[in-house]
Amino acid sequence: MQDDIKEQLRGLKILFVEDEEIAREMLENLLLRITDNLIVRKNGEEGLKAYKEFRPDIVISDIKMPRMNGVEMAAEIKEIDKNAAIVFLTAHKEPMLIVKAVELGIKRFVFKPVRLKEIKEILSTIAKEINVERELQKKEQEIEQERDLTMKILNTQNNIVLLSNKHDGIIRANSRFFDYFPFRDLNDFKEEHTCICDLFINQEGLISRQDEIELLADEHDTEEYKHIAKAHDQHGSLVTFAIAVERIMLNDVEHFVITLNDITLEEKALEKARDVDRIKSEFFTNMSHEIRTPINGIIGFADLLEESIQQKELVNYATIISASAKSLLNIINDILDYSKIEEGKLEIEEIPCDIAKEVESVAELFYAESLQKKIDLLLHIDPIFPGCVMGDPLRIRQILSNLISNSMKFTDEGGKVKVELKYLCNIEDECGQIMISVTDTGIGIPEEKREKIFEAFSQADTTTTREFGGTGLGLTISSRLVSLLGGKLLLESEVGKGSRFYFKIDISECESSRPRLPAFKPQRERIAIITHSPYALLTHQSQLLNYLQVFGYKTAYFSSRESLEQDSTIYDVSFIFDDIPIDFFEALRQKSRKSIFVSSFIDNHNALSVDEVIHLPLYGSKIYAAIEAVLDSNKAKKDKREKTKQSSRLNARVLVVEDNLVNQKLITIILEKMGADVSLACNGMEAVSAFQSEVFDMILMDINMPIMDGTVATKKILEIEQAKSLKHTPIIALTANIQKGDKERFIEVGMDDYLPKPITQAQVEKMLGKYLELTPLEEEKSELPSIESDETLDIIGAIRGLGVSKEMILELIEEFLENYDTARSTLEAAIATKDVSNGKQIAHKFKGASGNLRMHKTYESFKLLESTIDKTAKANELLATIDHEIEQIRERIAQCTK
């Protein structure tokens, strides 16, 4: 019995009010045997206050109490809830209070002394009543909700939906019915009509007024369109409806769901739609092939990345991979843009932009394809081109991408494709027009076919489509876009020799625009161009020479070791092309202070000692940036700029969620230096627990963590915020594996932003400043270590990037080395047993820590190890490389601490 009553009272709150202490304690003990949800108070005032606060389901109260007796308290409770369940405890000598209680509607009394059995019976009866009442209310709510939901669903339909039966006719109609026909409500309709058929006009082959619409539930569509009807709407317009009828049973009564779909416009457009469907089918067939082209670019550069372990190449390759991925969207955008152009809805922007940079970026995108097809891709940008003009960079990119793609497609192996961007000026040196051209040595286009190639879904002939592929939209869209920009796409071509597509458009410089490249000014530095091939036969070397002369440098050209050794000049910078033999470098080291390697993605420079590496294609900004990077004067300027930077102070509490101890310490140092109060959590579960007990201004959340990852922890924190109506705390993702779509994924989970690893002090300050209030703080001067930085260990870069002292960096490095010594045997075992999950987790942690500490080579090694952990031979080779790099770091640290 006790277990039964306890189950009946589960979930019900009981308020017990008794002023006499002994009686209160005795009955409290009895009640606690049968309920876990008991609220006890000493008098009527406290009881009323508790009722308002907790809203108990049952009130058990002494009837006679000082200050406020039970009846007075009950009267107040009844004002709040007239159906409140109240049980009075009373003695026989209190008849007047009992009478007043009865007048209030209270029917349950227990006479003292109270017996457990009696109180159980009363509570059991009340509990059953409450539970029955709640169940009835729940069912009524569910029925009402189902009705409301049904009507809401019906009212969201674009079609007319009716419910009828043979006895009552139409018994329910959605709002669309009254949008079409002139009736206030269903009763208004039924005053004049018994069937929806009454509204239809008589026409051969259609449903008419005499038809019984319910019979359609047993029939199917026919060639005579028997399921089609016409009617005049409330505005007098003739509307065509397609009608569907479905038979259903409701409460053992046969009902019919009637749907009327307005197909007036569809009927008119049916023939046109058939033609469009045919064109679309042919178009999408071609599209499936075209999508493979940019994917090949991605795969090609991914393979080069996997074979290379030098950081500078990785950065360049990654940039091109990203651009190749974006080209996948361009094909899909072609479809949308063509549609918009046809409808006159495509808008042209005029915003400040760097058109030259956009042209450079597009050319870089196609360089992988040019390598695969062995086509020479050249890019020339007018050196006087301004750094900022008003235009539409997206449409310029789109036009140029289509033109280069077209030229690459129709140019054979060994051919050339040249891209030019010119800034056109008149005799008075007034410049306000640009010309973009793409010239190739491809198959050429016959004169009679030249106009046709600008038509949609067309190429020069059908054999061209079969041999070279393509949607036939690229040149059409380019031509239309050029027209929208105010120009005209023109074509010059000769069969067997090639084609030139070009256009001119008016353009204006931004108000504060400056030239992208320095104007001609004689330079004191001397620069050598070194290649193994005759100058007259090469194009990239010629282009490099022209740019160097524009910049004002004194130049010399060498195509043999003998000519270089015979020259007595010591050159400040040498550009070395990747066709020279290795032994050429011995002579070069004696003749040049700085060297820039020009690579066509051939890895023979990996073992060479060079100061900078750049890749084809060459253009002015790339050449000038490389020269700046290797000259000491520019390095000094950079150092000076970095020394004048300011840090910021932050008055906030920040929760750092990170499982890597080195990264924990590093982020803590950066934040504490800014004045933040930092708390740490090693995984998502700890983060959720910390959030429940403390208040934070921001959370920095790692993504990949054991026990509970960052995305799950974020969801739980947001649930807590919502449940407790808390002010939102910004959550910033920390991740070393940011990929396309990750930011959107983080935002969808509920994060506010993300910080990519390896982190820098500047990145942290920028992110904190975006969400919290920062105050400027003069950076303290700290002594930089007297140790040369390189790709093995860039201590100076770590100090500047992270904004910490030399001593702290060295301490972090020592901790990193200790952690590696501890984890190495586990990592080796994971490789041997192909424990991919554990091996990846260890490599991932050390990748992030080495990146933060600017151990560039080690970072790349761990990054590659993380992706090849399942390939035992390759992984062991990388582990040996990492061991060697770790020893080099130990030696460097030993030098630094002497």
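This is a predicted model: local features need pLDDT of at least 70, side-chain atom pairs count only at pLDDT 80 or more; totals for chains, interfaces and linings use all residues.
Figure 1. A disulfide connects Cys-388 with Cys-510, the S to S distance being 2.0 Å. The link between Cys-388 and Cys-510 is left-handed, with -65° about the S-S bond. Cys-388 belongs to the loop between β12 (376-381) and β13 (389-391), while Cys-510 belongs to the loop between β18 (508-509) and β19 (526-530); the pair therefore ties together parts that lie 122 residues apart in sequence. Cys-510 also counts as buried, at 10% relative accessibility. A search of the whole structure finds 1 disulfide.

Figure 2. Cys-195 has a relative accessible area of 16% and is buried. Cys-353 is in no disulfide, and the nearest cysteine sulfur, belonging to Cys-388, is 6.7 Å away. Cys-353 counts as buried at 8% relative accessibility.

**Figure 3. The surroundings of Glu-694.** Glu-694 is found in the loop between α23 (684-693) and β27 (698-702). With a relative accessible area of 31%, Glu-694 is partly exposed. Apart from neighbours within four places in sequence, the residues in contact with Glu-694 are Arg-653 and Ser-679. The side chains of Glu-694 and Arg-653 are joined by a polar contact of 2.7 Å. These two residues, Glu-694 and Arg-653, are 41 residues apart in sequence, and their C-alpha atoms are 9.6 Å apart in space.

**Figure 4. Aromatic pair of Phe-558 and Tyr-571.** The structure contains 18 aromatic pairs. In the pair of Phe-558 and Tyr-571, the ring centres are 5.8 Å apart and the planes stand at 75°, so the arrangement is edge-to-face. Phe-558 is part of strand β20 (residues 554-558) and Tyr-571 is part of strand β21 (residues 571-577), so the pair ties together parts 13 residues apart in sequence. Phe-558 and Tyr-571 are both buried.

**Figure 5. Aromatic pair of Tyr-820 and Phe-862.** The rings of Tyr-820 and Phe-862 form an edge-to-face pair, because their planes are at 75°, with centres 6.2 Å apart. This pair links distant parts of the chain, with Tyr-820 in helix α28 (residues 806-832) and Phe-862 in helix α30 (residues 856-867), 42 residues apart. Tyr-820 counts as buried at 3% relative accessibility, and Phe-862 is buried with a relative accessible area of 0%.

**Figure 6. An aromatic cluster and a charge over a ring.** Phe-177, Phe-178, Tyr-180, Phe-181, Phe-183, Phe-189 and Phe-241 are linked into a cluster by ring pairs. In a separate view, the charged end of Arg-500 sits over the ring of Tyr-502, at 4.1 Å from the ring centre.

**Figure 7. Helix α29.** Helix α29 covers residues 836-852, and its 17 residues should span 24 Å at 1.5 Å a residue; the end C-alpha atoms are 24 Å apart, which agrees. Among the buried residues of α29 are Gly-839, Ile-842, Ala-843, His-844 and Phe-846. Lys-847 and Asn-852 of α29 are buried as well. Arg-854, which follows α29, has a positive phi near 60°.

Note on methods. Residues are numbered from 1 along each chain as its sequence is written. Side-chain values use heavy atoms; hydrogens and water are left out. Helices (H or I, at least four residues) and strands (E, at least two) are DSSP runs, numbered from the N terminus. The expected span of a helix is 1.5 Å times one less than its number of residues. Buried means under 20% relative accessible area, exposed over 50%, partly exposed in between (1.4 Å probe, protein chains only). A disulfide is a pair of cysteine sulfur atoms within 2.5 Å. Contact means heavy atoms within 4.5 Å. A polar contact is a pair of N or O atoms within 3.5 Å; within protein, one must be able to donate a hydrogen and the other to accept it, and residues adjacent in sequence count only if both atoms are side-chain atoms. Rings of Phe, Tyr and Trp (its six-membered ring) pair if their centres lie within 6.5 Å; planes under 30 degrees apart count as stacked, over 60 as edge-to-face and the rest as tilted. A charge sits over a ring if NZ of Lys or CZ of Arg is within 6 Å of the ring centre and within 35 degrees of the ring normal.
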